[in-house]
Amino acid sequence: MATMFSTTNANTPNTTIPSPKPPQTQLPSRTHLPIPPSKPLLTTLTATAAAAAILTATPPSLADSPAYRVYYGTAASASSYGGYGGNSDKKASAEYVYDVPEGWKERLVSKVEKGTNGTDSEFYNPKKKTEKEYLTYLGGYRQLAPKDVILNNLALSDVNLQDLIASADGVTSEEKTDEKGQVYYVYEINGVAAHSLISVTCANNKLYAHFVNAPTPEWNRDNDMLKHVHESFKTVGNF
């Protein structure tokens, strides 16, 4: 029996087939990775900008604040008009004071006017003469009457006040007492064309009424200044 052998050709090389490798994903270059902004740097830039804004900001000018001078009123009788027959030193003989805005002019009150309606002093804005403050006084008042009675009495001798009250959208009144116990009536008359603040008090057996009047446009423009002038009025011994 013939024996069969498996033979291998000696000339045939023994070749090994390598196993396939899994595909590899190429990582992006580091230069393409997004770099988050540095928070400390942003904070520093913000702080620097804020500091620059503060340094370059224009401070409020003191020139924008209105200046005032004090007026000393004597409430002298018509017989001593102009200082004759009495003490001409107003500060020494003053019965009341109020502030006057710088630039306002004094209107000289006539002897007849002083004797008829009790006007003692008046100042006005030369740019708008109806923007003004003035004071009247009446003798024989030991104390304040009811608020409506006082306002009516003032209007009897002041035609402009009568017209303002008649055309007003509203009239308010209140009673105030200062730190020294002095009682004041405060009236505010809000008209279509004009506005008025009135402060009334009694002292020295007299009734003093301080008026601050202005047309509506000037009232809206100079509101803070006019209120300051109104609140500055006080009788002697209470300032």
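Mentor: Let us begin with accessibility: a residue counts as buried under 20% relative accessible area, as exposed over 50%, and as partly exposed in between. The model before us is predicted.

Trainee: Is Lys176 buried, partly exposed or exposed?

Mentor: Lys176 has a relative accessible area of 40%, so Lys176 is partly exposed. Lys176 forms a salt bridge with Glu174, with the closest N and O atoms 4.0 Å apart. Glu174, at 39%, is likewise partly exposed.

Trainee: Why can such side chains pair?

Mentor: Side chains of opposite charge can pair when their charged atoms come close. In this structure there are eight salt bridges. Arg107 and Glu113 meet in one of them, at 2.8 Å from N to O. Shared partners join Arg107, Glu113, Glu122 and Lys132 into one network.

Trainee: Which parts of the chain does the pair of Lys206 and Glu95 link?

Mentor: Lys206 lies in strand S9 and Glu95 in the loop between helix H2 and strand S2, 111 residues apart, so the pair links distant parts of the chain. Their closest N and O atoms are 3.2 Å apart. Lys206 counts as buried at 17% relative accessibility, and Glu95 counts as buried at 17%.

Trainee: What is the volume of the largest pocket, and which residues are the closest to its centre?

Mentor: The volume of the largest pocket is about 470 Å³. Of its 26 lining residues, Lys132, Tyr134, Asp158, Asn160 and Asn213 are the closest to the centre. Strand S5 gives the most to this lining, with six residues.

Definitions and conventions: Residues are numbered from 1 along each chain as its sequence is written. This is a predicted model: local features need pLDDT of at least 70, side-chain atom pairs count only at pLDDT 80 or more; totals for chains, interfaces and linings use all residues. Side-chain values use heavy atoms; hydrogens and water are left out. On a 1 Å grid over the protein atoms alone, a cavity is a set of points where a 1.4 Å probe fits but cannot get out, and a pocket is an open set with protein on both sides within 12 Å along at least five of seven lines; lining residues have an atom within 4 Å of a point. Grid points are joined across faces, edges and corners, and a volume is the space filled by probe spheres set on the points. Helices (H or I, at least four residues) and strands (E, at least two) are DSSP runs, numbered from the N terminus. A salt bridge is a side-chain nitrogen of Lys or Arg within 4 Å of a carboxyl oxygen of Asp or Glu. Buried means under 20% relative accessible area, exposed over 50%, partly exposed in between (1.4 Å probe, protein chains only).
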